[in-house]
Amino acid sequence: MSIGAGAPQVTEGGTMFRVHAPDASALWLCLFDADGGETRVPMRQKGDGVWQIEAAGVGVGARYGLRADGAYDPPAGLWFDPDKLLLDPYSTSIDRPFIYNPALAAPRGGGTDTAPLMPKGVVEAPLPSVTQRSPLFAPGGLIYELHVRGFTMRHPDVPPAQRGTIAALGHPAVIAHLKALHVSAVELMPITAWIDERHLGPLGLTNYWGYNPVSWFAIDPRLAPGGMAELRQAVDALHQAGIGVVLDMVYNHDGESDRDGPTLSLRGLDPRGAFRHAADGSLINDTGTGNSIACNAPAMRALILASLRHFVQQAGVDGFRFDLGPALGRLDHGFDPRAPLLEEMRADPVLADRILIAEPWDIGPGSYQLGHFPDSWLEWNDRYRDDMRRFWRGDAGTIGAFATRLAGSSDIFPNGRTRTVNFLAAHDGFTLADLTAYAARHNEANGEQNRDGHGENYSWNNGVEGASDDSVIRAARQRDMRVLLTTLFCSRGTIMLCAGDEFGRSQQGNNNAYAQDNAISWIDWEGRDQALEAEAFSLAALRADEADLQGITALTDDVVDWLDETGSPLTVGQWEEPGRRRLVLRYRASGLAICVNGASDACRFSLPHGDIDVAARSIGVSRPER
């Protein structure tokens with residue numbers, strides 16, 4: 001994982017393996033035949049903590065792992081154990097998914113060889129590099145967040161053999177839907193190989209979302225039986241349709257968890273260098289998952305950068321979204337937007353022009369960094385999410401925050417360019433439909449007595465908690481879903497829509513469905529609300545036709561007018577009215593007017609080019625004749 005470490009390289013006489021393990025006393029390359037027989041070959045120390053060997057006669061398709069020996073002292077952060085077969089962190093392919101087994105976390109000396117339990121790395125020859133071109137996505141567009149498996153598991157037009165796989169993303173029916181929404185880029189939730197958390201098996205659950213990685217190179221075989229070639233074909237099909245691809249990457253932790261977690265890869269090779277440790281040697285946990293990756297250690301920077309380049313050069317992806325993004329810039333003194341990893345990402349010739357999106361918070365010290373990433377980054381804006389929800393829930397005194405978010409959050413991004421990613425719902429939290437049907441979370445299916453997931457969602461149920469046959473309540477929820485979608489599509493800056501929210505997808509009130517690989521999470525295409533979907537298509541067409549809504553420059557008083565329902569400029573007193581629920585955002589040059597009526601009765605708005613009637617709790621959009 002230093003300069004000398006890297007993916008296996010096939011040579012004329014065999015394959016070169018190079019592994020970073022500076023504290024190991026011995027390292028073995030372990031080759032496996034078709035029957036599972038193992039041959040161990042000692043590796044030699046090259047320098048800079050790198051061990052290597054050129055294995056004669058070993059070529060493409062060979063299955064392999066690693067074993068390392070050294071000190072075993074978990075309280076001090078050392079887990080060397082030659083009984084643990086390890087995945088090469090640079091392996092680009094594995095032969096099967098990871099399945100958690102308690103033996104993977106057994107202490108040294110237990111006598112359990114984990115080779116039968118571990119996926120093996122597979123030697124690959126890289127595909128010819130993709131000709132790099134500028135990203136198709138540009139700030140101000142629509143990002144569509146989706147889970148590869150759940151997106152198509154129930155899609156009637158996708159062939160059964162393709163459902164739940166990356167290949168399905170290239171199906172004409174899927175692409176037609178994305179184009180109808182004017183999607184600028186799909187954002188794929190994690191696709192690299194992951195493992196279940198140890199508490200899930202006894203509950204009869206598995207990790208569905210994939211935010212518990214073991215590899216940052218190998219695509220999970222459950223999502224892409226065809227490996228990198230399958231991803232490349234899907235990216236190419238989406239690119240031909242004018243749609244970019246962003247990968248959600250998890251570099252803040254790995255699936256080896258806390259002191260009692262499994263030894264699978266980094267923990268068994270470079271336990272001191274790969275993870276952040278407290279002064280007493282214990283693992284730092286700024287992620288809530290048990291460990292924190294030392295992202296700015298030289299070896300880890302090299303590994304992370306190599307994996308990002310891998311997906312650009314081999315699949316042609318347009319960019320990346322980073323889970324718990326402050327981890328990428330965390331140094332001993334806290335988060336630094338000029339941290340070495342962040343600087344190197346922008347200086348790297350392969351990565352310099354890629355779209356980079358931060359989830360700008362975690363649970364560590366100085367964890368909330370919204371607005372503080374480098375100027376070229378986009379950032380998930382949770383203040384947009386919460387302020388918009390609170391306004392439409394009816395909270396008093398929220399009109400000012402609503403207007404600021406609608407106009408691009410210049411208070412957070414004050415330098416003339418909004419880097420906001422506006423969203424009302426994401427994979428983590430309530431769906432858009434559940435926002436209007438549940439006042440509280442309902443995560444009982446997760447087996448944690450409804451203690452997990454966000455406790456405060458700024459949601460409302462319109463009078464009944466959960467599903468209802470009452471026509472009045474159902475109509476109110478339909479109205480609220482429409483107004484939430486309209487709010488999102490009329491907001492300035494980049495917007496993100498979570499897959500299925502455009503047609504009323506529900507998770508039955510579960511706001512943390514990370515372990516629900518079932519109908520709770522899978523999108524029900526045949527049961528979708530087609531009227532709401534048609535509304536979303538119309539809103540998408542409106543947004544695609546209005547440059548004002550896609551704009552990423554900050555709105556100033558000489559560009560827009562803020563008006564009340566009579567067409568008069570809003571006064572300071574009106575802005576400060578706790579009960580004010582109405583306003584107009586009017587773009588002077590185009591005349592486009594967004595008329596917001598959060599009150600419980602209809603209203604006629606007076607505009608320079610004519611009046612417009614807006615129903616209760618809704619938004620009207622008015623454009624002059626052109």
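This note sets out numbered points on the strands, helices and aromatic contacts of a predicted model.

1. Basis of the model. Because the model is predicted, local features require pLDDT of at least 70 and side-chain atom pairs count only at pLDDT 80 or more, while totals for chains, interfaces and linings use all residues. Residues are numbered from 1 along each chain as its sequence is written, and side-chain values rest on heavy atoms, with hydrogens and water left out.

2. The barrel. In the order S11-S12-S13-S14-S17-S18-S19-S20, 8 strands close into a barrel with parallel pairing. Strands here are DSSP runs of E with at least two residues, helices are runs of H or I with at least four residues, and both are numbered from the N terminus; two strands pair if DSSP finds at least two bridges between them. Neighbouring strands of this sheet are turned by 25° against each other on average, direction ignored. Such angles lie between lines fitted to C-alpha atoms (for helices over the stretch in contact) and run from 0 to 180 degrees between N-to-C directions.

3. Strand S13 (residues 244-249) has 6 of its 6 residues buried, so the strand is largely enclosed by the rest of the structure. Buried denotes under 20% relative accessible area, exposed over 50%, and partly exposed the range in between (1.4 Å probe, protein chains only). One side carries Gly 244, Val 246 and Asp 248, the other Val 245, Leu 247 and Met 249, and all are buried.

4. Neighbours of S13. Strand S12 (residues 185-188) runs parallel to S13 and is joined to it by 4 bridges; Ala 185 has Gly 244 as its bridge partner. From S12 the chain passes through helix H3 (residues 227-240) to S13 in a right-handed β-α-β crossover, meaning that, with the strands pointing away from the viewer, the path from the first strand over the helix to the second runs clockwise. Strand S14 (residues 319-322) is also parallel to S13, with 4 bridges, and Leu 247 is partnered by Phe 320 in S14.

5. Strands S19 and S20. Strand S19 (residues 420-423) and strand S20 (residues 494-498) run parallel and share 3 bridges, with Phe 423 opposite Met 496. Helix H11 (residues 471-489) lies across S11 (142-146), S19 and S20, at about 145° to S20; contact means heavy atoms within 4.5 Å.

6. Antiparallel elements. An open sheet of 4 strands has the order S4-S3-S7-S10 and antiparallel pairing. Its edge strands, S4 (38-42) and S10 (121-122), each pair on one side only. Strand S7 (residues 63-69) pairs with S10 over 2 bridges, and Arg 63 has Val 122 as its partner. Elsewhere, strand S23 (residues 593-597) is joined to S26 by 5 antiparallel bridges, with Val 596 opposite Ile 619. In strand S26 (residues 618-622), 4 of the 5 residues are buried, so S26 is largely enclosed by the rest of the structure.

7. Aromatic contacts. Rings of Phe, Tyr and Trp (its six-membered ring) pair if their centres lie within 6.5 Å; planes under 30 degrees apart count as stacked, over 60 as edge-to-face and the rest as tilted. The count is 20 aromatic pairs. Phe 430 and Tyr 438 are stacked, at 6.3 Å centre to centre and 25° between the planes. Phe 430 is buried at 0% relative accessible area, and Tyr 438 is buried at 11%. Ring pairs also link Trp 216, Tyr 251, Phe 320, Phe 322, Phe 335, Phe 373 and Trp 377 into a cluster.

8. Charges over rings. A charge sits over a ring if NZ of Lys or CZ of Arg is within 6 Å of the ring centre and within 35 degrees of the ring normal. Arg 222 lies over the face of Trp 194 at 4.4 Å from the ring centre, and the charged end of Arg 581 sits over Phe 391, 4.1 Å from its centre.
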